[in-house]
Every structure is written in C-alpha cells, then in structure tokens.
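Subject: Structure handover and findings

Hello,

Here is the structure for you to look at. My notes follow below.

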Amino acid sequence: MIACDGGRCALQGALTMVNVTALRDEGVRLFTAPEVTVDLAAVTEVDSTALSLLFEWRRAAHSAGRRIAFVNLPDNLRSLAALYGVTELLGEERGEGREA
C-alpha cells in the first residue's frame with residue numbers, strides 16, 4: 001500500500017513477487033509531483049522483486065522528467081542490494097530515523 005501527501009509517499013507492508021506488479025502501477029499513478037520521496041520505513045518483507053520495483057519507479061520518474069528519492073530502506077532490502085552489487089544504484093537519501 002502506498003499513501004502520498006504531496007511529494008512525500010510512504011510504502012507499507014510486504015514488497016514481494018505477490019504484489020509488486022500492483023505496487024508498480026499504483027506508484028506510477030501516484031508519483032506525479034516533480035520531486036517524490038518514497039519512505040520505506042514501514043516495509044515489512046522484501047524479496048529481489050523489491051529492487052526491480054524501485055528501479056522501475058526510478059526509470060518511470062526519469063522518463064517523465066521527475067526526480068524520485070528513496071529513504072529509510074529496511075535492512076533486508078539493503079542486504080539484497082549489497083548481495084547484487086546495486087546499492088549505489090538505489091541512491092538512498094538520508095531519511096527520518098536513519099543515519100546517512
């Protein structure tokens with residue numbers, strides 16, 4: 001589930017193969033501000049499709065001339081990104097509750 005207030009959006013719950021397609025479409029529909037920050041602090045579960053989703057949102061934002069930033073990535077998502085060697089591609093920005 002995604003909740004947005006202007007350019008600040010919060011993702012909540014699981015981010016897995018089961019719901020990644022619906023979340024992709026919901027994000028593309030909701031992320032319309034010129035600059036969007038997606039807060040992942042409330043994400044409870046991830047698998048490798050979560051990385052694909054974040055990259056897809058980044059591509060869609062870039063294609064639309066928008067900027068998207070991700071904050072508060074859960075540790076399990078960071079571990080997956082490190083495992084695949086794509087940590088820097090996520091471009092995580094300092095978020096609430098996390099040290100940069």
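Buried here means under 20% relative accessible area, and exposed means over 50%. Please keep in mind that this is a predicted model.

**Helix 1**

By that cut-off, helix 1 has these buried residues: Val-20, Leu-23, Glu-26 and Gly-27. Seen down the helix axis, they fall within an arc of 125°, so they line one face of helix 1. An α-helix has 3.6 residues a turn, so residues three or four places apart point the same way. Ala-22 and Arg-29 are exposed, on the face of helix 1 turned away from the buried side. What lies over the buried residues? The cover includes strand 1, strand 2 and helix 2.

Strand 1 and strand 2 run antiparallel and are joined by 4 bridges. Ile-2 has Leu-11 in strand 2 as its bridge partner. The two strands, strand 1 and strand 2, form a hairpin with 2 residues between them. Gly-6 sits in that turn, with a positive phi of about 65°.

Asp-39 stands opposite Val-71 in strand 4.

**The nonpolar core**

The largest nonpolar core has 28 residues. Which members touch the most others? They are Leu-15, Leu-40 and Trp-57. At least two core residues come from each of strand 2 (8–15), helix 1 (20–30), strand 3 (35–46), helix 2 (48–63), strand 4 (67–71) and helix 3 (75–84). Helix 2 gives the most, with 7 residues. In soluble globular proteins, nonpolar side chains tend to be buried together.

Take Leu-15. Beyond its neighbours within four places in sequence, Leu-15 is in contact with Leu-23, Leu-40, Val-43, Glu-45, Val-46, Asp-47, Thr-49, Ala-50 and Leu-53.

Then take Leu-54, in helix 2. Is Leu-54 buried or exposed? Its relative accessibility is 0%, so Leu-54 counts as buried. Leaving aside neighbours within four places in sequence, the contacts of Leu-54 are Leu-40, Phe-70, Leu-77 and Leu-90. For a distance check, the C-alpha atoms of Leu-54 and Arg-29 are separated by 14 Å. Those two residues are 25 residues apart along the chain.

**Helix 3**

Leu-77, Leu-80 and Ala-81 are the buried residues of helix 3. They cover an arc of only 100° around the axis, which puts them on the same side of helix 3. Asp-75 and Leu-83 are exposed on the other side. The cover over the buried residues of helix 3 includes strand 3, helix 2 and helix 4 (87–90). Gly-85 follows helix 3, and the phi of Gly-85 is positive, near 70°.

**Asn-72**

Asn-72 lies between strand 4 and helix 3. Why does Asn-72 count as buried? Its relative accessibility is 3%, and the cut-off for buried is under 20%. The side chain of Asn-72 makes a polar contact with the side chain of Asp-39, at 3.0 Å. Asp-39 is the residue that stands opposite Val-71 in strand 4. Most residues other than glycine have a negative phi. In Asn-72, phi is near 55°, a positive value in a residue other than glycine.

Best wishes

How values were computed:
Residues are numbered from 1 along each chain as its sequence is written. This is a predicted model: local features need pLDDT of at least 70, side-chain atom pairs count only at pLDDT 80 or more; totals for chains, interfaces and linings use all residues. Side-chain values use heavy atoms; hydrogens and water are left out. A nonpolar core is a set of buried Ala, Val, Leu, Ile, Met, Phe, Trp, Tyr and Cys residues joined through side-chain atoms within 4.5 Å. Buried means under 20% relative accessible area, exposed over 50%, partly exposed in between (1.4 Å probe, protein chains only). Contact means heavy atoms within 4.5 Å. A polar contact is a pair of N or O atoms within 3.5 Å; within protein, one must be able to donate a hydrogen and the other to accept it, and residues adjacent in sequence count only if both atoms are side-chain atoms. Two strands pair if DSSP finds at least two bridges between them. The arc is that of the directions from the helix axis to the C-beta atoms.
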